[in-house]
Amino acid sequence: MKTESVRGLRSLWAVTGVVMSCIAIAQDAPKYSNEFLAIGVGARALGMGNAYTSVVNDVTSGYWNPAGLLGVKGDLQIGAMHSEYFAGIAKYDYIGIGTIGFTFVRFGIDNIPNTIDLIDPSGNIDYDRITTFSSADHAFIISYARKLRVPGLRVGGNAKVIYRRVGEFGKAWGFGLDAGAQYDLDRWRFSAVARDVTSTFNAWSYTLDQRTIDVFTQTGNEIPENSVEVTLPRLMLGVARQFKFGSKFDLLAAVDLENTFDGKRNTLIKSSAISTDPRIGLELGYAGVVFVRTGLSNFQHVTDLNDKKQLTVQPNIGIGLKIKSVALDYALTDIGDNSVALYSNIFSLKFDLFKKGPA
């Protein structure tokens, strides 16, 4: 048993070697790229502060850790989430299909006024010339998972297509790969996820008419040029432990460490080579039906008006209800990453179709 455990942990940590070999690629790339994929999906995960890569075992695995897809109980599991922030200006949507391993994420702002033609060449203002457009980011993710010979060890991978569009002005296509693993040892769960393991490249192209170029020039705006945006690899490490209290109560405690390698960030643990953002989550369950969750994330050192540094943290809370094959989850969290945006109410729904065995 001990030999199998050692083999399982060694195999799990082998995933980290994949991403470490890619760190040297494109070190001059921007720190923040495809950030809409860093928000998270599912109210259960968000309520636990995104400490979820070792916990996930449902349809949301396509986002968090593809190895968790093997935990899907039904023949077909469907999950969905909708959330809004900035007073409903920005909308964030997710839908996933388990066992098939399909995930779709959209983050967008619609009905943006285009005032390029508000004033005509003669200087006349005509509000009928105002049109609208959308700026949206999309991700299409296909996932695959399988068990290995080592008991309790699962691995998985994602292939993702990124499509970003700003009205008729510009668009980008990108492609990336993720790799993940989970390992169960008694009541312990370990995980490693390498996101954008080979780096993800978004190729931007722009279509601007002469009128738009003239307005950009007159207003001192930079004329965008076709370019390639690179998203560097990041490594997620997680561990969780399940505790039982009597026959009805369960407590799940989880910790995730998100590691980036693109220079120093404002995280709790940082250096010139690596920055580590810890997340802590708890879930208390009663009879497998009612759940209460909380989590801490986004630890940052902030300088106040008196030039004093203090540590800030983002608290998250949530509840869940599961009746047979239907789960409804709620989270109160700041999907704006502790910005000036108010906390958002997040609801997500998950249900199994053609569930195997007794409900």
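This is a predicted model: local features need pLDDT of at least 70, side-chain atom pairs count only at pLDDT 80 or more; totals for chains, interfaces and linings use all residues.

Reader: What is the general idea behind looking for empty space?

Author: Rolling a probe the size of a water molecule over the atoms shows where empty space is left. In this structure, that search gives four cavities of 30 Å³ or more.

Reader: What is the volume of the largest cavity, and which residues are the closest to its centre?

Author: The largest cavity has a volume of about 180 Å³. It is lined by 15 residues, and Leu37, Ala38, Lys160, Arg195 and Asp196 are the closest to its centre. Sorted by class, the lining has seven charged, four polar and four nonpolar residues.

Reader: How much space lies in the second largest cavity, and which elements each supply at least two residues of its lining?

Author: The second largest cavity holds about 100 Å³. Of its 16 lining residues, Gly42, Asp58, Thr60, Asp329 and Ser348 are the closest to the centre. Helix H2 (43-47) and strands S1 (74-85) and S17 (344-355) each supply at least two residues of that lining. By class, this lining has eight nonpolar residues, with four polar and four charged ones.

Reader: Now the pockets, please. How much space lies in the largest pocket?

Author: A pocket is open, whereas in a cavity the probe cannot get out. Here the largest pocket has about 860 Å³ of space. Its lining is made by 37 residues, and the closest to its centre are Arg44, Asn57, Lys73, Arg189 and Lys322.

Reader: Which element gives the most to that lining, and how do its residues divide by class?

Author: Strand S17 gives the most to the pocket lining, with four residues. Other elements that give two or more include strand S6 (170-185), strand S13 (275-286) and strand S15 (309-323). By class, the pocket lining has 15 charged, eleven polar and eleven nonpolar residues.

Reader: Let us finish with a single residue. Where does lysine 248 lie, and why does it count as partly exposed?

Author: Lysine 248 is in the loop between strand S10 (234-245) and strand S11 (249-260). It counts as partly exposed because its relative accessibility is 41%, and that class runs between the 20% and 50% cut-offs.

Reader: Which residues is lysine 248 in contact with, leaving aside its neighbours within four places in sequence?

Author: Those contacts are with Gly285, Tyr286 and Ala287. Valine 289 is 41 residues away from lysine 248 in sequence, yet their C-alpha atoms are 9.8 Å apart in space.

Key: Residues are numbered from 1 along each chain as its sequence is written. Side-chain values use heavy atoms; hydrogens and water are left out. On a 1 Å grid over the protein atoms alone, a cavity is a set of points where a 1.4 Å probe fits but cannot get out, and a pocket is an open set with protein on both sides within 12 Å along at least five of seven lines; lining residues have an atom within 4 Å of a point. Grid points are joined across faces, edges and corners, and a volume is the space filled by probe spheres set on the points. Ala, Val, Leu, Ile, Met, Phe, Trp, Tyr, Cys and Pro count as nonpolar, Asp, Glu, Lys and Arg as charged, and the others, Gly among them, as polar. Buried means under 20% relative accessible area, exposed over 50%, partly exposed in between (1.4 Å probe, protein chains only). Contact means heavy atoms within 4.5 Å.
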